[in-house]
Amino acid sequence: MMPRILVIDDEPQIRKFMRISLTANGYEVVEAENATQGIEAARTQSPDLLILDLGLPDLDGQEVISAVREQSEVPIIILSVRAQELDKVEALDRGANDYVVKPFGVAELMARVRAVLRPHAAKGGDEVVKTGGVQIDLTRRVVTRDGVELHLSKKEWELLEFFARSPDHVLTHKEILKAVWGPAHTDDTAYLRVYVNQLRQKLEDDPAQPTLLVTEPGVGYRLKARD
Amino acid sequence: MNDDRDDRPSPEALLAEAQREGRGRLKIFLGAAPGVGKTYAMLEAAHERVREGVDVVAGVVETHGRKETEALLKGVDILAPQMVEYRGKSFREMDLDALIKRRPRIALVDELAHTNIPGSRHVKRWQDVEELLTTGIDVYSTLNIQHLESINDIVEQISGVKVRETLPDSVLSTADEIELIDLSPQDLIKRLEEGKVYVPEQARRAVHSFFSPGNLTALREMALRHAAERVDRQMVDYMRAHAIPGPWPARERVLVCIDEKVDADRLVRFAKRSAERRGAAWVAVTIETSHAHALTEAEKDRIDAAMRLAIQLGGESATLQGDEVVDTVLGYARERNCTQVVVGRARKARWFGRMGKSVTESLIEKAGEFTVVVVGGEDEDRPKSVMTRHKPQTGWRLWLGYLAALVATAAATGIGFLIDARLPIGNISVTYLLAVMIVAIKFGLRAGIMASIWSFLAFNFFFTEPRRTFAITDVQNILTVAYFLIAAFIVSNMAARLRTQIQATRESARRTTNLYEFGRKITAAATLDDVLWAVVHHVATTIHGRSLVLMPGERGLAIAAGYPPEDEIDDKSAGAADWAWTHGKLAGRGSTTLPTADWLFLPLKTGRGPVGVMGVQMTEDADMPSPAQLRLLETLADQAAVAVERTTLVADIETARVATERERLRAALLSSLSHDLRTPLVSIMGAATTLGTYDEKLEAEGRQDLIQTIQDEAERLNRFVQNLLDMTKLGSGALKPRVDWVDLNDVVSSAVKRTERLARRHGIRIEIAPDMPLLCLDAVLMEQVFFNLLDNACKYAPPGTPVKVWAIKTPKHVAIEVSDLGPGIPPEDREKVFDMFYRVNLGDSQTAGTGLGLAICRGIIEAHGGSIHAEPGLHGAGTCIIIHLPLPPDLADIKGYE
């Protein structure tokens, strides 16, 4: 069955090119041109994914996220512009799953859509995440790089495990700190930088130009499971 | 001033005409004495206007209870008087502000010479009228001829009554219209006897001597003559203003010489009358010789007062410099076409004073074509002027002087005994003379004379035969003591004069030093605040009081500086300050306008207009500044005004410079927008239309190329817009770094990733020292910095050459270099490339820049407390941008947290 995607954007041109490209990629597209219509459509059309522009004429996109989240756990990708990192973080905190920065290429959008629609790593299942030459076995708690087992400290493993459970998803600093270090440390980004750096030294081919554990400036990190 | 026979309207006449424009007209109902019916005539005229439909308001009308006058008041709007409290009593005065607010076409203001109750805005009612006229209100007023300043002394001579309420002649002469209210003396006396003339209580006794037929005839004549002269003058003025060719007499001028010795007021009044009679202009001159500094304050004040009086009476005034008094005066007289020279009577040659002729005598001798009028003075005025020359000493200092005279005489006597046996008697008298001289120099004339007498007595008693008696037998000795006494007097007189001169010189030196000090202070002050502070501080210390400067702000005058600091002044003072500001004249305590205010205000004026107002308040014994202090204050105010203007000029220039800069930026922005926005659009549109039109005909490769072009150009456009947005935020101060712990590697690699497409043609090498700590930065902004730098490097450096990012930690900061092997930046442009819209001109080959990238980098780096500059690369090749960032706070406590 074709996944159904609800596109909420007030610009007809943007809706048009998204409709064309998404349909070409085998998705069914439903459109809404403002927040009210969008919230209504999210309730009645039961979409599998929402693509939501934050700048809407009638209501702030953030409100739409909250409204939708009251009813369902449907994944949401927001469209935002650069230099609005705070908005992105807020949207993610309100329950959005990922974001794409405008202007964007279709390839980037499709990658996000695929990642978000992919079922989450099995909770406690026998999932193995592969990325580049690195293989993360969540069940056995073993990490190998090019077949060689890596030795991680306890914190390093906890961090990597958290990333591996949401591959290709952006994870905010707060989210990561809360999950790995606990709610009291949500502002201690320095810890996070240090450990991400250590992980990169162990996982990346060129730690100076990471390709697996990439930075989302001002927002957080993303573990790239596939390119 | 030789244009009297010119056919063109004389500039003076035209100027006077122009000054009248927008000004109300003054009509004066002139009478010879009280009771002739001036008020009645004024009211009748007012009624005529009212009938014509003109808006007439009675500001103040004194009916003195006369029924027919009161009846005439009906039908005219009467302004309610304001009550002014003075010494516990309430007085009715004209409400000037209400009248100005009411703005009638014509205001009736009775008794022009009236003196206002202290506490009113102006001392005199004619000043109120002046203000009404400047606001464009016409005024009808009344005046008795006896109140006119210039004939004040004559009236006193004739009638024996001293008139205290006087009016400057200039007020009458600038009146637009004068109506003479004439009544024969007989009729007037009859009216007086019928009780129809109001006589104030205190004048009742004098009334009959004043209203004698002789007096009244004289006064009437004066009033008639004034009115007639005026008619003449108006005629001439009209002809001049309208360039009607003669015949009018070449304008005569009367010159009156003022010095510190003469009864100057009398001279000035005389000159004014003389000039008036001849229909001539007149000028009062004073000569400043090189001895001028030796004048006492009282003498300077007298000269100043005479010059002021001259101006008040409608004359000119001039101060001439020169030591040859006679030649200077005659030269000036010739230059100004003067025909008559008025001087005071020659002083009696002073006791052993100036030898030879007096100034007056030699003036008469050299006068040639001029008529010289010598005016006599009253003798009782004389000693006053001599006395003021040597200020008598008072109190303990005088007694100290007498004591010193005694001691000096005793000492001289002692020395006398020592040399008595060996030397002739003449030597002893010289010793005494020496003592007298020392005392006179040190303690002044009185002590000197005292010493002379003591010495004379001691000399006589101890050293002339027969000794121990005051008797003298030897004729030779009689001569010796007589000569001694004379010599002693002369010596003490001369020594005392020397002392006075030294004091005067010192005083003048102090004044000069004061001014010099002030000049130095305010020249050194760079900002307006510094200047104002220097001004108030200096003025306050100079007058031993308080000082303020007020400058115009958004809501009128406001205190700009004060010493001691002051935040507020009371309403009355504020009113005086406002008046001083709008009229450019002194106001407040010690002046004639609002004298009951706590402060005295001096306008700060320069050639370009007023810049503010300076307020002073004496705290020590004196209630108001002495005339000498006032002169100094006026000089200081002038200097201060120039200094204030200088700083505002500097500020103006700065504003102009900023405006020019802004204009340049605007122009640059426009050209940048039109070029940088349009170029990518041209490519995108071209590629898209090609694809749309020739899709079928295109090779797969060509199609791909065009699609790539659209994508690349769209990205370029996006970068440009992003730069503009960043720049706008930087410019508006909205861009505040949100710092957080950041791994420099992370930031650089994000930037590298964003430049991927451009960087493909270059190898980007990143070398970040392994010991680089986490930094406290705004990751997003810093990424933008690196993106811009890498973008630039890739754009300008030839394909295939490496671009390098290199970072180390030094003890002082974090140093980051981004270098390329491109053409480099010429040395003179290395600073300018960080300016907005500045582009190094490299011909047509490279035009992709926006001229904003580096400006944004500098803005962001500086917001982080760092610095950025450009240098040539290694071995002088290419460009190396060097960034210094502050070291982060210590992170030791982070390590090992697990």
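A crossing of two helices is left-handed if the near helix is turned anticlockwise from the far one by less than a right angle, and right-handed if clockwise. Helices (H or I, at least four residues) and strands (E, at least two) are DSSP runs, numbered from the N terminus. This is a predicted model: local features need pLDDT of at least 70, side-chain atom pairs count only at pLDDT 80 or more, and totals for chains, interfaces and linings use all residues. Residues are numbered from 1 along each chain as its sequence is written, and chains are lettered from A and ligands numbered from 1 in the order in which they are written.

Start with a helix pair in chain B. α18(B) passes α19(B) in a right-handed crossing. Helix α18 covers residues 445-463 and helix α19 residues 475-524 of chain B; they pack at an angle of about 160°, with axes 9 Å apart. Axes are lines fitted to C-alpha atoms, for helices over the stretch in contact, and angles run from 0 to 180 degrees between N-to-C directions. α18(B) and α19(B) are therefore roughly antiparallel (under 35 degrees is roughly parallel, over 145 roughly antiparallel, 65 to 115 roughly perpendicular, the rest oblique). Residues making the contact include B:F456 and B:F459 of α18(B), and B:F484 and B:F489 of α19(B). Contact means C-beta atoms, placed from the backbone, within 7 Å. By class, this contact has 12 nonpolar, 6 polar and no charged residues. Ala, Val, Leu, Ile, Met, Phe, Trp, Tyr, Cys and Pro count as nonpolar, Asp, Glu, Lys and Arg as charged, and the others, Gly among them, as polar.

Next comes a sheet. Five strands of chain B form an open, antiparallel sheet in the order β15-β14-β18-β17-β16. Strands pair if DSSP finds at least two bridges between them. β15 (556-563) and β16 (587-588) of chain B are at the edges, each with a single partner strand, so one side of each has no neighbour in the sheet. Strand β14 (residues 545-553) of chain B is joined to β15(B) by 7 bridges. There, B:M551 stands opposite B:A558. Helix α21 (residues 571-583) of chain B lies across β14, β15, β16, β17 (600-606) and β18 of chain B, at about 25° to β17(B).

Chain A has an open sheet of 3 strands, β10-β12-β11, with antiparallel pairing. β10 (170-172) and β11 (213-216) of chain A are its edge strands. The twist averages 30° from one strand to the next.

Finally, the chains meet. In chain B, 23 residues are in contact with 20 residues of chain A. α24(B) gives the most to chain B's side, with 5 residues. That side divides into 13 nonpolar, 5 polar and 5 charged residues.

Key. Contact = placed C-beta atoms within 7 Å.
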